[in-house]
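Reader: I have just opened this entry and would like to understand the words used to describe it. Could you take me through them one at a time?

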Amino acid sequence: MSLKTFETNFGGRTLKVEIGEVAKQTNASALLHYGGTSVLSVVVNKNEPTDGDFFPLMVLYQEKLYAAGKIPGGFLKREGRATEHETLISRLIDRPVRPLFADGFKNDVQIINTVLSSDPTCPPEMVALLGSSLVLQLSDLPFKGPVSGVTLGMINNEFVVNPTEEEMETSILDLTVAGTTEALNMVEASAKEVSEELMLNALSHAHSIIKELNEFQNVISKELGKVKKEYDVFTLDKDIEKEVLDYIGTSLVDAVSIFDKLERYAKIDEIKAKTLEHFKDRPFFKIIDNISVYDYKKEREFLGHVEATLNKVVKNEVRRLITKEKIRPDGRKTDEIRPLASRVGLLERTHGSSLFTRGQTQALAVVTLGGLGEGKIIDDIRDEDNKRFMLHYNFPQFSVGETGRYGAPGRREIGHGALGEKAIKNILPNEEEFPYTIRVVSEILESNGSSSQATICAATMALMNAGVPIKAPVAGIAMGLVMEGKDYTILTDIQGMEDHEGDMDFKVAGSREGITALQMDIKIDGITNEIFKEALEQAKVARFQLLDHMHSTIAEVSSELSPYAPKVKLIKIDPEKIRDVIGTGGKIITQIIEDNNNVKIDIEQDGRVFIMHSETEVINRVANIILNIVRVPEVGKIYEGKVVRVEKFGAFVELWAGTEGLVHISKLSKDRVNEVTDVVNVGDAILVKCIKIDEKGRVDLSRKDALEDK
């Protein structure tokens, strides 16, 4: 294929797509240019389905540091494991794309997006999402797209499409939306306590842009798209299904209605295991060269249909109870929150802690305060290089009563931690109000759904317990949806089974003033604005109930920091004096640190100096030392100093540490002075007046003028 080029407008900037020149051995590829940003999107796949019971889709978003003219840090000086940002964007692309593949499609598919050039004014993330959808449209894979995405900010009451990092600093909204032409199917947002009405308007505005981008993809795919191939898609065998249903009777349906999670799952697992064991007795043989050979593949396929039937029974019963009888697996009403319990300050030596329990979901949040120099260093293509607030989410397998993998955090843990950060970062004090790096860790101790939202509630209370002066408490709630045709039921505070068998996981976090974070994932093609509105209204009621409970546990921010937390003092100096504090080769500041119990000193380029130590006395002493180093005498002002050196022509007087001046012999007294030592000696404390500072910074002092003015 010869090179084909297509162009459209995306947020006031030109988006150009090139097809047919690069990566031609893939199923489909496209090179997208957005201003100075370039992204290569490709899709590859296997032609045969896997034996697993899931769709093995892998979506990767990777940033090459050469794209921003940077050399990687570290010893190896090359890109290594995915950064947190790359992981989050990979998830962001996966979530709207995955539901649009044909049901039962189980072929291995990989979508790779590589940022080759990065222009700070043209963010690459939504370009990569569009590229992912476009190559799927161009491929022969069974994809029901297109899908596109857009990021919206709001500055001065105006929506800004694909805002830059600089623009986001003044935006009250950071909203990423993806969807088909018919409906939205993914939402991610961080906001500064915005109203539900504003959020709905933003979603509507975003969808109008998405429709234009989808039409742009349709134009390209109609001209260059491959004919869709007939791939093998898993379809449940009706004869096997009937046989399984006859065997289990109503036992599995009855098990779904057991209220306790552990009892319910134990019973379901027991019935499944018994059924699979029963159907394993079938003789699966085939004849090869007149020899009877056991057909393991046929056995796996047969048992796959058995297991699929069992899963279908559970799913259908959960959905029937919710939509027809308005009964949930644990017996709650559709808008009812599970029982709540919480407390704070349960860990003595940490800087702040809280335990939040909602039903069978429990989060322990722990706060650690540190110096600004302890923030996270970011090594990627973005301009941001340091992160002051971090929220980390850990999900050990024991929280669901299981054994499992332990090691580095997975995509889910990184994603849930990032959502918690988005919910809380907009209610934190700025550096000058609270000059600390803040780390919150959420340990999930029990889980039955909505653990990310339990994290937000626990983190807020732990911050308050730690004495962090947040602007307002924030709570999070997870909403669900079960939709059959045009009939639907919205659920408040979904648990694990409702999340797994339902159609939507819609997380809403915020204060009493407004929304601070959103995240929506759905398993259907999309949902309408009306459902969004109803879900937001129902979530607001639940959010206020949670905030009431949290208020009953901790009503206000603790007035004092933990005795184990470091104390911080902020002073400001002239930026041109920073080198005087640091000294040649860091000699002066190193000496200050060594002489004062290894105090921490962080100096910013704008002249802000943060001094941190567990003892206030040490902090104040160091602050005085630094202020004296940068202090400049004022001409005409009288000081008390100490004679530190005597020469024939005069005496050198130390006004304060690091600053000396000369009192010439003629300025020692009103009377004539023959010898300097007739008037002063080393160690004497005397009053002097600053009478001159020359262009080299040398200070002239006068004892005579000081005595006259006294």
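Reader: Where does aspartate 574 lie?

Author: In this predicted model, aspartate 574 lies in the loop that runs between strand 24 (567-572) and helix 13 (578-582).

Reader: Why is aspartate 574 called partly exposed?

Author: Buried means under 20% relative accessible area and exposed means over 50%, with partly exposed in between. Aspartate 574 has 42% relative accessibility, so it counts as partly exposed. As for its place relative to another part of the chain, aspartate 574 and threonine 437 are 137 residues apart in sequence, and their C-alpha atoms are 24 Å apart in space.

Reader: What makes threonine 87 count as buried?

Author: Its relative accessibility is 8%, and because buried means under 20%, threonine 87 counts as buried. Threonine 87 has its place in helix 1 (residues 84-97), and, not counting residues up to four places away in sequence, threonine 87 touches Ala82, Arg411 and Ile414.

Reader: Which positions does UniProt place under the feature "binding site"?

Author: The UniProt record, an unreviewed entry, places that feature at Asp499 and Asp505. Aspartate 499 is found in helix 11 (residues 496-501), whereas aspartate 505 has its place in strand 22 (residues 504-510).

Reader: How do you know whether aspartate 505 is buried or exposed?

Author: The relative accessible area of aspartate 505 is 12%, and this is under the 20% cut-off, so aspartate 505 is buried. For aspartate 499 the value is 28%, which falls between 20% and 50%, and therefore aspartate 499 is partly exposed.

Reader: What is aspartate 499 in contact with, leaving aside its neighbours within four places in sequence?

Author: Aspartate 499 is in contact with Ile494, Asp505 and Lys523.

Reader: Why is isoleucine 337 called buried, and where is it found?

Author: Isoleucine 337 has a relative accessible area of 11%, and since buried means under 20%, that value makes it buried. Isoleucine 337 is found in the loop between helix 8 (296-324) and strand 13 (340-344). Leaving aside its neighbours within four places in sequence, its contacts include Arg332, Arg358, Ile477 and Thr492. The C-alpha atoms of isoleucine 337 and leucine 491, which stand 154 residues apart along the chain, are separated by 9.6 Å.

Reader: How is the protein divided into domains?

Author: The division gives domain 1 (4-224), domain 2 (238-325), domain 3 (347-553), domain 4 (567-630) and domain 5 (637-707). The centres of domain 1 and domain 5, taken over C-alpha atoms, are separated by 71 Å.

Reader: Which residues have the most contacts inside the largest nonpolar core?

Author: They are Leu175, Ile438 and Phe506, in a core of 126 residues. Helix 4 (residues 196-224) gives the most to this core, with 12 residues.

Reader: Why is this core said to lie between domain 1 and domain 3?

Author: Both domain 1 (4-224) and domain 3 (347-553) give residues to this core, and so it lies between them. Apart from it lies another core, of 24 residues, among them Phe302, Val306, Ile322 and Val482. As for phenylalanine 506, its contacts beyond four places in sequence include Ile477, Leu518, Phe532 and Leu536.

Reader: What is the radius of gyration of the protein, and what would a compact globule of 710 residues have?

Author: The protein has 33 Å, while a compact globule of 710 residues would have a radius of gyration near 27 Å. Taken along the principal axes, the C-alpha atoms of the protein fill a box of roughly 125 × 65 × 55 Å.

Reader: How many of the residues of the protein, as a percentage, count as buried?

Author: Of the 710 residues of the protein, 51% count as buried. The accessible surface comes to about 33,700 Å², and 49% of this belongs to carbon and sulfur atoms.

Reader: Which residues does UniProt list for "domain: S1 motif"?

Author: In an unreviewed entry, UniProt lists residues 636-704. That span is 3% helix and 52% strand, and its end C-alpha atoms lie 13 Å apart.

Terms used. Residues are numbered from 1 along each chain as its sequence is written. This is a predicted model: local features need pLDDT of at least 70, side-chain atom pairs count only at pLDDT 80 or more; totals for chains, interfaces and linings use all residues. Side-chain values use heavy atoms; hydrogens and water are left out. Domain bounds come from an automatic or database domain assignment. Helices (H or I, at least four residues) and strands (E, at least two) are DSSP runs, numbered from the N terminus. Buried means under 20% relative accessible area, exposed over 50%, partly exposed in between (1.4 Å probe, protein chains only). Contact means heavy atoms within 4.5 Å. A nonpolar core is a set of buried Ala, Val, Leu, Ile, Met, Phe, Trp, Tyr and Cys residues joined through side-chain atoms within 4.5 Å. The radius of gyration is taken over C-alpha atoms; the globule rule is 2.2 Å times the number of residues to the power 0.38. Accessible areas come from the Shrake-Rupley method with a 1.4 Å probe; for residues, only the protein chains shown count as cover. UniProt positions are given in the numbering used here, feature names are shortened, and annotations may be inferred rather than shown by experiment.
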